[in-house]
Amino acid sequence: MLMLNHSSYSPRAGESSNTSNPRIQIGEFEVVVITDSLGPFPFPASRIFPTVSEAEWEEMRQRYPSAFSAPQVLMAHVSCCLIRSSERTILLDTGTGLPDAPASGLQGDLLRQIELEGVNPDHIDTVVLSHFDGDHVGGTIRGEGLHAKPIFPNARHIVSGLDWEICVERPASAGSTRFKTNQVAPLDAWKMLTLAREEMELATGIRVIPTPGHTPGHVGVWIESQSKSMLLAADAFYHPLQVPEPSHAVLLDMDPLAASSTRRELLDLVEAKGDYMWACHFPLPGIGRLIRDEHTRYWKPLNIA
Ligand SMILES: [Zn+2]
């Protein structure tokens, strides 16, 4: 059963809002966190993070109560980011899929939510797909085969060249599924695809950056504008517990060692230069800052005073 609940976030002074979607202004860019789906994971947290001790879980329950639906069960929060400036409308990830065609098994609310933000799918000029998991590419294409149509028809779609090779050019390889392939493969024929093989500037102040490990070609987005900055980490981080201990791999990390070294590098970057950090599956509001408690770094959500 899909549950949507935005009530745990209240915009603070300076964070204006027409909807309850969390948002933050980073220089000339507004970043809006769009919840696509929210509900309990169908299996225990210890299966998703096998290396986390009970003492660590207890600390996480204290720090992030809304990240749990029961003491041993995590909430599966799937969010995407809408990034707007006076000239650009960019979407990072497309969620789980359309409500009328939930091919991923989940019902996505992304389209309804961006329309509440006043954004028609035609307005999106760029879609960045962080990687090809079903909860990140599910809302890219409507229909299959001859009936396939792009959901964001005017957007250039940016995906990692490495993940493209794994999922589309070598569809028998590990990590590929028919659903993932269907959600991205037609973009090439439609000439709507750009393969990112290294850092790529989308506009002054916003870059697609390689963040490998969760998948070999996983990408995030770095925004730096008017002395403010923000990391959009997508699934480079899966839960805030990976901030104090980046070596905790999520079961789905394809290369756990690369993923943990990426996490350490990103944390150093955010701590040195960044104001804010978002990850797709972090609890609402999804946006937070890094703080230090003694010698340990934690992610602090914006709505905690
Ligand atoms: Zn994910």
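Me: What percentage of the 305 residues of the protein count as buried?

Reply: A residue is buried if 20 or more other C-beta atoms, placed from the backbone, lie within 10 Å of its own, exposed if 12 or fewer, and partly exposed in between. Here 45% of the 305 residues count as buried. This is a predicted model: local features need pLDDT of at least 70, side-chain atom pairs count only at pLDDT 80 or more, and totals for chains, interfaces and linings use all residues. Residues are numbered from 1 along each chain as its sequence is written.

Me: Which residues of α8 are buried?

Reply: An α-helix has 3.6 residues a turn, so residues three or four places apart point the same way. Helix α8 spans residues 256-273; helices are DSSP runs (H or I, at least four residues), as are strands (E, at least two), numbered from the N terminus. Its buried residues are Ala259, Thr262, Arg263, Leu266, Leu267 and Val270. They lie on the same side of α8 because they cover an arc of only 135° around the axis, taken from the directions from the helix axis to the C-beta atoms.

Me: Which exposed residues does the face of α8 turned away from its buried side carry?

Reply: That face carries Leu257, Arg264, Asp268 and Ala272. The buried residues of α8 pack against β14 (228-232), β15 (276-278), β16 (287-293) and β17 (296-301), where a contact requires C-beta atoms within 7 Å.

Me: Why does serine 227 count as exposed?

Reply: Serine 227 has 8 C-beta neighbours inside 10 Å, and therefore counts as exposed. This serine 227 lies in the loop between β13 (219-225) and β14.

Methods. Expected span 1.5 Å × (residues − 1). Contact = placed C-beta atoms within 7 Å.
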